[in-house]
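Subject: Handing over a structure

Hi,

Here is the structure I promised to pass on to you.

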Amino acid sequence: MTPLARAAVEVLSTADGRAKAALSRRHAAAWRTAREAGTHLVGTASPPDRPARPDAPELLDPRDVPRRRPGSPEGRTALLHAVAHIELNAVDLHWDVIARFAHVPLPMGFFDDWVQAADDEAKHFGLMCDCLEARDSHYGALPAHAGMWRAAEDTKDDLMGRLAVVPMVLEARGLDVTPGMIEVFRKHGEDQAVAALEVISAEEVAHVAYGSKWFHFLCGRDDLDPKPTFHALVRRYFHGPLKPPFDEARRADAGLPPDFYWPLAEDA
Ligand SMILES: [Fe+2]
Ligand SMILES: [Fe+2]
């Protein structure tokens, strides 16, 4: 098999969204096969500073991305486009944590988890593309947020910071907002989007849980107190307060206790 870190760099270096997602799924399947056969190899590799991306969508400062209300069909298309963009970014984020920290001695389960997450995100991106195409749109048809790679850049030398900010803050935010999004599409009888978002919503719990699991593992190995360590890292690397309302039940399912996130909230 291709050593995992090199497979990760191949995905990161693929620009087209559908091609990136397909390669992500192929490398994930190859990793699982190799793990079963005992022929797996992580290796090391140098990931690019920024992943390759297609020419479209145009990436704009978040303030300049037009806001559309989900009451209109166009607004809901824009919402699905924004989710597609997040999912594509997530594919790269999970392969990046593998490639960038492949030199750190870690149990093989660490790599299993992020490979699984990268496989899930590739599926999610495909589901969102299918929804967009069924609405006569496509990924790239609308502008999207620039700056989604900032968290990765800020934490490129700090694995604990990466876990704190990416799965335990950014992906946890997804747990809070996806159920409301599903309701919007349900209200308008848009079954394909409901079904796709339900898959995403269910699978994202595991990604946050992987983050919490490996964050706690690293704290334990370095004899650090997880809660204050988490607070210090989020304050250092995440720009701004966390936004309530929090879905406490779903966050609990993902191994995130309230005293981790409430002290970082807007009104704290
Ligand atoms: Fe996802
Ligand atoms: Fe995710």
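Below is what I found, going from the whole chain down to single residues.

First, the ground rules. This is a predicted model, in which local features need pLDDT of at least 70, side-chain atom pairs count only at pLDDT 80 or more, and totals for chains, interfaces and linings use all residues. Residues are numbered from 1 along each chain as its sequence is written, while chains are lettered from A and ligands numbered from 1 in the order in which they are written.

**The chain as a whole**

The protein chain holds ten helices and two strands (DSSP runs numbered from the N terminus, with H or I over at least four residues for helices and E over at least two for strands). Read from the N terminus, the order is α-α-β-α-α-β-α-α-α-α-α-α. The C-alpha trace spans about 50 × 45 × 30 Å along its principal axes. A compact globule of 268 residues would have a radius of gyration near 18 Å, and the protein chain agrees, with 18 Å (taken over C-alpha atoms; the globule rule is 2.2 Å times the number of residues to the power 0.38).

Of the 268 residues, 42% count as buried. Buried here stands for 20 or more other C-beta atoms within 10 Å of the residue's own, exposed for 12 or fewer, and partly exposed for anything in between, with C-beta atoms placed from the backbone. Among contacts between residues at least 6 apart in sequence, 80% join residues at least 24 apart (a contact needs C-beta atoms, placed from the backbone, within 7 Å).

**Two domains**

The domain assignment gives domain 1 (1–46 + 67–146) and domain 2 (149–268); such bounds come from an automatic or database domain assignment. Their centres, taken over C-alpha atoms, are 17 Å apart. Domain 1 puts 20 residues into the contact and domain 2 puts in 19 residues. On the domain 1 side, α3 (73–100) and α4 (108–134) each supply at least two residues, and α4 gives the most, with ten residues. That side of domain 1 divides into 14 nonpolar residues, one polar and five charged (Ala, Val, Leu, Ile, Met, Phe, Trp, Tyr, Cys and Pro count as nonpolar, Asp, Glu, Lys and Arg as charged, and the others, Gly among them, as polar).

**Helix α2**

Which residues of α2 are buried? They are Gly17, Lys20, Ala21, Leu23, Ser24, His27, Ala28 and Trp31. They lie on the same side of α2, because they cover an arc of only 160° around the axis (the arc of the directions from the helix axis to the C-beta atoms). The cover over these buried residues includes α1 (4–12), α3 and α4. Turned away from the buried side is a face with the exposed residues Ala29, Thr33, Glu36 and Ala37. Just after α2, Gly38 has a positive phi of about 75°.

α4 is mostly covered, with 19 of its 27 residues buried. Phe111 lies in α4 and counts as buried, with 21 C-beta neighbours inside 10 Å. Leaving aside neighbours within four places in sequence, Phe111 is in contact with Leu4, Val42 and Ile98.

In α3 you will find Ala90, which is buried with 25 other C-beta atoms within 10 Å. Pro73 also lies in α3, but Pro73 is exposed, with 12 other C-beta atoms within 10 Å. The C-alpha atoms of Pro73 and His188 are separated by 9.0 Å, although the two are 115 residues apart along the chain.

**Backbone details to look at**

- The peptide bond from Ala56 to Pro57 is cis, with omega near 5°; Pro57 sits in the loop between α2 and β1 (59–60).
- Pro244 to Pro245 is also a cis peptide bond, with omega near 5°; Pro245 sits in the loop between α8 (226–237) and α9 (248–253).
- Asp136 has a positive phi near 60° without being a glycine. Asp136 belongs to the loop between α4 and β2 (144–145) and is exposed, with 8 other C-beta atoms within 10 Å.
- Asp223 has a positive phi near 60°, again in a residue other than glycine. Asp223 lies in the loop between α7 (191–221) and α8 and is exposed, with 6 other C-beta atoms within 10 Å.

How values were computed: Contact = placed C-beta atoms within 7 Å.
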